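Subject: Structure handover and notes

Dear colleague,

Here is the structure you asked for, with my notes below it. Please keep the two side by side as you read.

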Amino acid sequence: MAKRGAFRTSHHPKAHHHHEHRSPGKPGADVALIGGGVQTLTLSSPRDLELTLASHLTRGLVRIQLDASADLELLGAVREWNFDVDGNQTLRLPITLRANAEGQHYVHLFIEHEDVDGNTTARALAAPFHVGQRLGNLHEKSLSAAAASEFRTLPAREVIY
C-alpha cells in the first residue's frame, strides 16, 4: 500500500499557472502623480508637457493608457506606454494638450501592473488642468481663509441604474 502523500502530483491547475486578478479598487497599483497640482492651459493653444509618475511597483510590466475629458484634446498618436519596472522609479509621459473650452479638464490615466508571477493590480488617476478665468475664486472670497481650504470642488457624474 502506498503512502498517503504518494498520490500527490503537480497537475493542480494553479501549480504552474498562478494568476490572480485584484479588483482595481483600493489598494491598487503603487503609482502616484508627481506635482499633482492643477496646471493651467491657454484656450486653443497646444502645449507640450510631461506627466510624471512615481512608481513603487515590484518587478514586472506597467501599461499606462491615457484619455482626456471632453473639450481637452490629446494631440499626437501616443495614447499608451509600456514600462519595465523594478522598485522605485520615475515614469515620464510626454504629451501635447489643447483645450477647446474654458473650465476644468482632466487627463485620465489607467494604469495596470503585472508582476513576474502574473498577478495584476490597477489604478486610475486624473491630472487636472484649468483653462480660463477661475470663477470659483469669487465664491471663495466670501469664506474665511481657514474655511476655504477645507472645501474643494470635484467633478462628479451620477449614474442611476
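Thr52 is buried, with a relative accessible area of 15%; buried means under 20% relative accessible area, exposed over 50%, and partly exposed in between, using a 1.4 Å probe and protein chains only. Thr52 is found in strand β3. Helices (H or I, at least four residues) and strands (E, at least two) are DSSP runs, numbered from the N terminus. Which residues does Thr52 touch, not counting residues up to four places away in sequence? The contacts are Ala32, Leu33, Ile34, Thr90, Leu91 and Arg92, where contact means heavy atoms within 4.5 Å.

Before the rest, two notes on the source. This is a predicted model, in which local features need pLDDT of at least 70 and side-chain atom pairs count only at pLDDT 80 or more, while totals for chains, interfaces and linings use all residues. Residues are numbered from 1 along each chain as its sequence is written, and side-chain values use heavy atoms, with hydrogens and water left out.

Strand pairing

Two strands pair if DSSP finds at least two bridges between them. Strand β3 covers residues 47-68, and three bridges join it to strand β1 (residues 31-33), the two running antiparallel. One of the details here is that Leu33 has Leu53 in β3 as its bridge partner.

How many bridges join β3 to strand β5? There are 17, and β5 (residues 80-99) runs antiparallel to β3. Two positions can be picked out along this pairing: Leu51 stands opposite Leu93 in β5, and Gly60 stands opposite Val85 in β5.

β3 also pairs with strand β6 (residues 103-115), in the antiparallel sense and over nine bridges. In that pairing, Leu66 has Leu109 in β6 as its bridge partner.

β5 has a further antiparallel pairing, with strand β4 (residues 72-75), over four bridges.

Backbone angles in the loops

Most residues other than glycine have a negative phi, and most peptide bonds are trans. Two residues are worth a look on this point.

Ser44 is not a glycine, yet it has a positive phi of about 65°. Ser44 is found in the loop between β2 (39-41) and β3. At 45% relative accessibility, Ser44 counts as partly exposed.

Asp71 is not a glycine either, and its phi is positive at about 70°. The loop between β3 and β4 holds Asp71. With a relative accessible area of 43%, Asp71 is partly exposed.

Salt bridges

How many salt bridges does a search of the whole structure find? The search finds three, a salt bridge being a side-chain nitrogen of Lys or Arg within 4 Å of a carboxyl oxygen of Asp or Glu.

In one of them, the side chains of Arg92 and Glu50 meet at 3.5 Å, N to O. Arg92 lies in strand β5 and Glu50 in strand β3, so the pair ties together parts that are 42 residues apart in sequence. Arg92 is partly exposed, with a relative accessible area of 46%, and Glu50 is partly exposed at 39%.

Glu73 forms a salt bridge with Arg98, and the closest N and O atoms are 3.0 Å apart. This pair links distant parts of the chain, with Glu73 in strand β4 and Arg98 in strand β5, 25 residues apart. Glu73 counts as partly exposed at 30% relative accessibility, and Arg98 is partly exposed with a relative accessible area of 25%.

Best regards
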